[in-house]
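Reader: Hi! Could you walk me through this one?
Author: Happy to; here it is.

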Amino acid sequence: MDVIAAETAVLEAEGLTKHFPLPASGRELLGGHARVVHAVDEVTLTLHRGRVTALVGESGSGKSTVARLLAHLQHRTDGSVRLHGQEVKVRGGRKLRAYCRSVQLIFQDPFASLNPVHTVRYTLSRALRVHGHAGRSRAELDQALTDLLGRVRLTPAEQYLAKFPHELSGGQRQRVAIARALAAQPEVLLADEPVSMLDVSIRLGVLNLLRDLKEQLHLAVLYITHDIASARYFADETLVMYAGRMVEGGPSETVTQHPAHPYTRLLINSAPDPERLGTGFGEYDEDGELTEEEDLGEPPSLVTPPTGCRFHPRCPHVMERCSTETPPRFEVPDPDGAPTTQWAACWLYANEEASAA
Ligand SMILES: Nc1ncnc2c1ncn2[C@@H]1O[C@H](COP(=O)(O)OP(=O)(O)OP(=O)(O)O)[C@@H](O)[C@H]1O
């Protein structure tokens, strides 16, 4: 079947790693041991044209850092990033600028990401000019602005162009932020929790908009969320992160309905109502956080992460090797023997793969 692999790979990351140095104490300086936060370790992923890939995990699991590394807002410690097979260097001059046009990031908080002193017209005109899509006349610029606002369904455009961010609703602001990203005519959208700060009632509209854009413009979308239920609804493929490492991946339907990794199972059981995975979204409290039914427990320290599998101290299926050896990705066999693209970085599947081989 491999529908996912049949799609064109646009953006690929391999072994992506980010360690943030911590201020060293005197003794550490003398001993030459600087401590680091292992925010992201050896993350490998591929984004495909016309597909949404969800990156799911608890707060602090490293999702936003992955997005920032892919957007080149932060330098990676290790690993490589390729756009259409071409490696993108950290200091890449013209090539890096072209990459940054192709790979656009949408932030969680549209209010913070839009300059409050600028109108929608100014914000979008500037983005069009920066990326060379403003046309050669006022009429062409106006047409480009109308097209952009039409794409994000803010119509008629004249009703929005003169507005400042504070005069728009949260959903309208996020649509303007999306329009600004589209002004670059990108191939990849990195959407970091794009709806988690919006009212529950308007989240679906914004997700549907992103899905339509993916279909109309054949965008590759990375959808970062802590709500695995919305990943099932919105994403073609789902990847799960735990404590800086990727632990499971595959078609969203399979990962959410037949989770393989013990952590993914815990994540699903901790969602407010597992039945909701069938219908859409989890419940949120006043702070926009998912309310949890089953306690997820404390994530481990990322300064001294557990050896072997990082989930092993909390895993109900822990085996001896889990605390010493980091599990690679193992294919998760389909119960009916059908071809599958689901994988789990878990020693539970080591034997099954060996016996399948
Ligand atoms: N600039 C930084 N310096 C030091 N540590 C950092 C820095 N940025 C992030 N971290 C740490 O890296 C880890 C991963 O953070 P990240 O923001 O990527 O997680 P996340 O999964 O996106 O969480 P959230 O959903 O809360 O945004 C966290 O432990 C965080 O404290």
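Author: One term before we start: a residue is called buried if 20 or more other C-beta atoms lie within 10 Å of its own, exposed if 12 or fewer, and partly exposed in between, with C-beta atoms placed from the backbone. Helices (H or I, at least four residues) and strands (E, at least two) are DSSP runs, numbered from the N terminus. The model is predicted, with local features needing pLDDT of at least 70 and side-chain atom pairs counting only at pLDDT 80 or more, while totals for chains, interfaces and linings use all residues. Residue numbers start from 1 along each chain as its sequence is written.

Reader: Thanks! Which residues of helix α13 are buried?
Author: In α13, residues 262–270, they are Pro-262, Tyr-263, Thr-264, Leu-266, Leu-267 and Ile-268.

Reader: And what do they pack against?
Author: The buried residues of α13 pack against α11 (228–234), α12 (252–257), β9 and β10. Packing rests on contacts, meaning two C-beta atoms, placed from the backbone, within 7 Å.

Reader: Let's stay with β9. How many of its residues are buried?
Author: Six of six, so to speak: strand β9 spans residues 237–242 and is mostly covered. Glu-237, Leu-239 and Met-241 point one way, and Thr-238, Val-240 and Tyr-242 point the other way.

Reader: Why two directions?
Author: In a regular strand the side chains alternate between the two faces of the sheet.

Reader: Which strands does β9 pair with, and are they parallel or antiparallel?
Author: Strands pair if DSSP finds at least two bridges between them. Strand β3 (residues 52–56) runs parallel to β9 and is joined to it by four bridges, with Leu-55 partnered by Leu-239. Strand β10 (residues 245–251) runs antiparallel to β9, with six bridges, and there Tyr-242 is partnered by Arg-245.

Reader: What's the turn like between β9 and β10?
Author: The two strands form a hairpin with two residues between them, and Ala-243 in that turn has a positive phi of about 45°.

Reader: Switching to the ligand: how many residues surround it?
Author: There are 13, and the closest are Phe-20, Ala-39, Ser-59, Ser-64 and Thr-65. A residue is near the molecule if its C-beta atom, placed from the backbone, lies within 6 Å of it.

Reader: Is Thr-65 buried or exposed?
Author: Thr-65 counts as buried because it has 23 C-beta neighbours inside 10 Å. Thr-65 lies in helix α3 and, leaving aside neighbours within four places in sequence, is in contact with Lys-18, Ala-39 and Val-40.

Reader: What does α3 lie across?
Author: It lies across β1 (9–21), β2 and β4, and runs at about 115° to β1. That angle is taken between N-to-C directions, from 0 to 180 degrees, using axes fitted to C-alpha atoms, for helices over the stretch in contact.

Reader: Where do β2, β1 and β4 sit in their sheet?
Author: The open sheet has four strands in the order β2-β1-β4-β5, with antiparallel pairing. Its edge strands are β2 and β5 (86–87), each pairing on one side only.
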